[in-house]
Structure formats: C-alpha cells, structure tokens
Amino acid sequence: RVYESIAQGCVPLIIQDDPTTNTSVDSAYAELLPYDRFSLRLYQSDIPRLESLLRAVPLARWRQLRKGLACVWSRILWLHPDNE
C-alpha cells in the first residue's frame, strides 16, 4: 500500500513486526529510496494507540516527510507527460 499512499500524495505509514521478533517489512528499492525521509514506521503493537501516536507527530516532522515525499514521488510513480 506504500505505492497507493504515494500516488495520492500521502505520507506512507508502514506497520511492521515488533522488534522482539527480529523481523521487519521489506521495502521495494530500499537500497535506493530513503524511506525514513518520506514515511513513518510503527509496530503492530502500536495499532491500539495509532490515532494518538499520529497526532503526536510534530507539524514540522510532517512537513519534512511531505518534502521527502515530493522528492521521490516521480521516481516511484514513473509518470510520463502523456499519461492521463
């Protein structure tokens, strides 16, 4: 759903496994794209507190993420001028 979020101009929220399981979500092109600059990551255990956690993100951080999103948007969507 990261692609769909980016296509809509929204900061992707990536829900991953808890660190105690020593696993994480694989992100497409992670070696090329700076996901930490345009997305948020939370753990599955954070889901019950999701609303309060998102509200606690400072406005300045949202602005940084949106700027980062603008930088990678065209690289992820591969749009051409003649696309509708």
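1. Accessible areas here come from the Shrake-Rupley method with a 1.4 Å probe, and for residues only the protein chains shown count as cover. On this basis the accessible surface of the chain is about 6,500 Å², and carbon and sulfur atoms hold 54% of that area.

2. The structure is a predicted model, in which local features need pLDDT of at least 70 and side-chain atom pairs count only at pLDDT 80 or more, while totals for chains, interfaces and linings use all residues. Residues are numbered from 1 along each chain as its sequence is written, and side-chain values use heavy atoms, with hydrogens and water left out.

3. Confidence is given as pLDDT, the predictor's confidence in each residue on a scale from 0 to 100. The chain averages 82, and 79% of the residues score at least 70. Among the elements, the lowest mean pLDDT, 84, belongs to helix α1 (residues 2-7), and the highest, 96, to helix α2 (residues 50-55).

4. Helices (H or I, at least four residues) and strands (E, at least two) are DSSP runs numbered from the N terminus. The chain has three helices and two strands, arranged along the sequence as α-β-β-α-α.

5. The covered face of strand β1 (residues 13-16) carries Ile14 and Gln16, whereas Leu13 and Ile15 are on the uncovered face. Leu13 is partly exposed, with a relative accessible area of 31%; the class lies between buried (under 20%) and exposed (over 50%), computed with a 1.4 Å probe and protein chains only.

6. Leu13, Ile15 and Ile47 make a nonpolar surface patch of about 210 Å².

7. Of the 84 residues in the chain, 24% are buried. Leu69, found in helix α3 (residues 59-77), counts as buried at 4% relative accessibility.

8. Contact means heavy atoms within 4.5 Å. Beyond its neighbours within four places in sequence, Leu69 is in contact with residues including Ile6, Val11 and Phe38. The C-alpha atoms of Leu69 and Phe38 are 4.8 Å apart, although 31 residues separate the two in sequence. Across the chain, 72% of the contacts with a separation of 6 or more join residues 24 or more positions apart.

Key
Patch = residues over 30% accessible without salt bridge, like charges linked within 9 Å, V, L, I, M, F, W, Y side chains within 5 Å. Salt bridge = Lys/Arg side-chain N within 4 Å of Asp/Glu carboxyl O.
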